[in-house]
Amino acid sequence: MASSSNISSVRVVVAGDSGTGKTSLIVAVATDSFPAGVPPVLPSTRLPADFYPDRVPLNIIDTSSRLEDRGKLEAECRKADAVVLTYACDRPETLDRLSSHWLPELRDMGVRVPVIIVGCKLDLRNDQQQSLEQMMTPIMQEFREIETCIECSAMRQIQVAEVFYYAQKAVLHPTAPLFDQESQTLKPRCVRALKRIFMLCDHDRDGALSDAELNDFQVKCFNAPLQPSEVVGVKKVVAEKLPEGVNDSGLTLTGFLFLHALFIERGRLETTWTVLRKFGYDDEVKLRDDLLQTPSFKRAPDQSVELTDKAIDFLRRAFSAYDLDGDGALRPQEVEDLFSTAPSSPWEDAIYSDCAEKNAMGGLTLNGFLSQWALLTLLDPVKSLAHLLYLNYPGDVSTAFQITRRRRLDRKRQRSLRNVLTCFVFGPARAGKSALLRALVGRPYVDLYTHTQEEQYSVHVVEPIGGSKKTLILREISMDLVPVLLTKKDALASCDVAAFVYDSSDELSWKQTSDLLLEITAHGESSGFEVPCLLVAAKDDLGPQAAAISDSARVCQDMGMEGPISVSIKLGDSNSIFRRIVDAAQRPHLSIPVTEAGRNYQHYKQMVNRSLVVLSVGAAVAVVGLAAYRVYLSRRQSSN
């Protein structure tokens, strides 16, 4: 299907029962005359760009309704931008066949384009028949793909050109994305887009478009100013139908939406589409993809995207603006209001439902709000960019993002400069991983065990001792997902620190965790993405298992790690675990474990490096000696 925002031509296929006037209709529009005789099927007919006001050429494809030509008909319909279905006004059975055969047939073909119903041979219509509206209303209610219905006469040149004008218009300016025909109202996505446009044009933020703001809007969209009398006329039309659409300051949002609904009801969809496209919307009433390609988020696997201080300040102001009750949190309705200028909330996916801090009433706190934005930006920076634009982020949107230094370089320089740190949380089932995630965002401990089948996230602001605040993201990875994760070479590239959680009262839990620690460490060594690691001895309230204590001490010594951190989430004893995770991520070189194979490899590299140094020194001595010998020879020869 053609893209109406950047279209080169429109392809219209004409189909219908034999003898309903398909070919005569095409000839009549192309030649402005009625043909005396027509072939069974015409070749492709092209109407030039200047035929209709939108200046887009139209290719009209005639078809045969014969059974043996069904394959060709289906192929043409699949390539169509719009389909014109014809029936004969003097043959009621051809009208009945639209709903019993043709429209279901198009659906079976998988054709999802606007359909124009055309009654041909209007000059032969029986005056006793029902009106076009009476006949078509039930069909249009059943088949929503029908864009419009029209009757015409090729013989008398009645509404022939209008048939293909409506077909072209249905492609260039479709009704379906904007307007619900059944309820006769603007669709929600259209309302959201128009609300954003209204807010962009309301420069003084007084909730109404003044005469000057209306004029600026008109010039931007249509390259022509409004005359003072036209401004008065517009507001008068709105005030008569909808008094709240106008106030002393100008045209309100309600009035602005009413005007666009009125345009659409009167068939002037091109007006609303022109406005939407001028403000960057595509045919699905969302921002065009090309607007989301700047800035570029191209990055190495061990780099990530973060919001800048400027973006965070903007989000703080947005939070305050929508925290209408001033309770320091956004209720679900306030969040909905905040994103009422976007097609939908960016946090509809399940991973965001309970990932951040909320108050006792379920409201998203400021920390929770900013934390969710940090998580969104990490996981899907393009969606983060789009929703900043939907919230009308001021100025150059590239100032809202920064790409971090590579983690490999952080470890080499022994310091991470990131503001957002990601911790992978590993461990066997029932070890206490989910409890750790809940504790980060202040959610209460739950005794009931629920197996985590998919990745879960928690995100919150953590303030290290003597350092600046950092946003910590915990990503829970169940044992089931580890084999899948480790199939990728760069599986650990996005990890700043790994926490290995085990049930300290269960020897098997510790055994599974130690095996997992070795596996993850070995993968990091082989891939070049080594990560700092911490052991978390959970459920300390149950009493640690003696064998696990002694074995964990041995493993930590062998791998050069800090000893396990004991916690009891049930008793509220977190032992500063989140600060310690952040500290390990910020100083990564101090907590990277080493396997025996890794240690042997490091020893081998050191030996090679020493050998290279010895060779380099030896070569340098030889060069110096040779140079001295040459000087000696030169002096000896000159003395002789």
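Helices (H or I, at least four residues) and strands (E, at least two) are DSSP runs, numbered from the N terminus. The model is predicted, with local features requiring pLDDT of at least 70 and side-chain atom pairs counting only at pLDDT 80 or more, while totals for chains, interfaces and linings use all residues. Residues are numbered from 1 along each chain as its sequence is written, and side-chain values use heavy atoms, with hydrogens and water left out.

Val83 belongs to strand β4, which spans residues 82-88. Val83 has a relative accessible area of 0% and is therefore buried; buried means under 20% relative accessible area, exposed over 50%, and partly exposed in between, with a 1.4 Å probe and protein chains only. Beyond its neighbours within four places in sequence, Val83 is in contact with Val13, Leu106, Val111, Val113, Pro114, Val115 and Ile116, where contact means heavy atoms within 4.5 Å. Gly71 is twelve residues from Val83 along the chain, and the C-alpha atoms of the two are separated by 16 Å.

Helix packing is illustrated by α1 (residues 22-31) and α5 (residues 160-172), whose axes come within 8 Å and cross at roughly 95 degrees. Axes are lines fitted to C-alpha atoms, for helices over the stretch in contact, and angles run from 0 to 180 degrees between N-to-C directions. The helices α1 and α5 are therefore roughly perpendicular to each other, given that angles under 35 degrees count as roughly parallel, over 145 as roughly antiparallel, 65 to 115 as roughly perpendicular and the rest as oblique. Leu25, Ile26, Ala28 and Val29 of α1 meet Val160, Ala161, Val163 and Phe164 of α5 in this contact. By class, the contact of α1 with α5 has eight nonpolar, no polar and no charged residues. Here Ala, Val, Leu, Ile, Met, Phe, Trp, Tyr, Cys and Pro count as nonpolar, Asp, Glu, Lys and Arg as charged, and the others, Gly among them, as polar.

In soluble globular proteins, nonpolar side chains tend to be buried together. A nonpolar core is a set of buried Ala, Val, Leu, Ile, Met, Phe, Trp, Tyr and Cys residues joined through side-chain atoms within 4.5 Å. The largest such core has 71 residues, and Ile197, Phe369 and Trp373 have the most contacts inside it. Helix α13 (residues 366-379) supplies the largest share of this core, seven residues.

Most residues other than glycine have a negative phi, and most peptide bonds are trans. Asp32, although not a glycine, has a positive phi of about 60 degrees; Asp32 lies in the loop between α1 and β2 (45-47) and is exposed, with a relative accessible area of 59%. Lys121 likewise is not a glycine and has a positive phi of about 60 degrees. Lys121 is found in the loop between β5 (115-120) and α4 (132-142), and is partly exposed at 27% relative accessibility. The peptide bond from Thr294 to Pro295 is cis, with omega near 5 degrees, and Pro295 lies in the loop between α10 (269-278) and β12 (305-307).
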